[in-house]
Amino acid sequence: MSNSTAASPRNSVSTHILDTSIGRPAQGVAIQLSARPGRDAPWQTLGGSATDADGRCKDLPALPEGTTHVRLDFAVEAYFEKKQADAQQDAPASRDSGAVFFPEVAITFAVEPGEHYHVPLLLNPFGYSVYRGS
């Protein structure tokens with residue numbers, strides 16, 4: 001038997017995006033996960049993924065031991081541009097000039113060892129909201 005102590009529990013992160021302007025999941029949004037081991041430490045990019053047909057991103061990498069802060073970067077500009085192009089022929093003229101108001105959304109939050117963090121993003125063309133889910 002080894003004298004080493006049991007491995008400390010790892011933090012994990014998941015997210016999903018709901019496009020509240022249409023009441024449906026936002027599919028195909030690229031997400032990047034970064035972490036740091038202290039307020040003044042540099043960010044380390046851990047990996048990324050994209051939302052599936054249900055708007056979920058379940059395959060983000062586990063956080064390194066000692067992580068205290070996490071950042072999720074959502075690249076929403078391409079999603080809105082595609083959505084706008086798809087709807088162009090069916091929709092009346094929009095008051096928007098076609099530019100994406102929020103081309104990206106960056107959410108930073110503090111973490112405690114051994115916890116799972118689910119961070120849903122409620123998104124629309126002119127605003128967003130996030131919360132700690134379960």
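The side chain of Asp-19 makes a polar contact with the side chain of Tyr-79, at 2.6 Å. These values were computed from a predicted model. Asp-19 belongs to strand 1. Its relative accessibility is 0%, and because the limit for a buried residue is under 20%, Asp-19 counts as buried. When neighbours within four places in sequence are set aside, the residues in contact with Asp-19 are Arg-24, Ala-26, Tyr-79, Phe-80, Lys-83, Leu-123 and Asn-124.

The chain as a whole contains one helix and ten strands. Read from the N terminus, the order of these elements is β-β-β-β-β-β-α-β-β-β-β. The chain has 134 residues, of which 32% count as buried. Among contacts in the chain with a separation of 6 or more, 67% are made by residues 24 or more positions apart.

In soluble globular proteins, nonpolar side chains tend to be buried together. In this model, the largest nonpolar core comprises 25 residues, and Val-13, Leu-72, Phe-74 and Phe-109 have the most contacts inside it. At least two residues of this core come from each of the following elements: strand 1 (12-19), strand 3 (30-36), strand 6 (69-75), helix 1 (77-87), strand 7 (105-110) and strand 9 (121-124). For Val-13, the contacts beyond four places in sequence are with Leu-33, Leu-60, Leu-63, Val-70, Leu-72, Phe-109, His-116 and Tyr-117.

Glu-81 is another residue of helix 1. With a relative accessible area of 41%, Glu-81 is partly exposed, since this value falls between the 20% and 50% limits. Glu-81 and Val-100 are 19 residues apart along the chain, and their C-alpha atoms are separated by 7.5 Å.

How values were computed:
Residues numbered from 1 in each chain as written. Predicted model: local features only at pLDDT ≥ 70, side-chain atom pairs only at ≥ 80, totals over all residues. Heavy atoms only, no water. Core = buried A, V, L, I, M, F, W, Y, C linked by side-chain atoms within 4.5 Å. Buried < 20%, exposed > 50% of the residue type's maximum accessible area, 1.4 Å probe, protein only. Helix = DSSP H or I, 4+ residues; strand = E, 2+ residues; numbered from the N terminus. Contact = heavy atoms within 4.5 Å. Polar contact = N/O pair within 3.5 Å; in protein donor to acceptor, adjacent residues only side chain to side chain.
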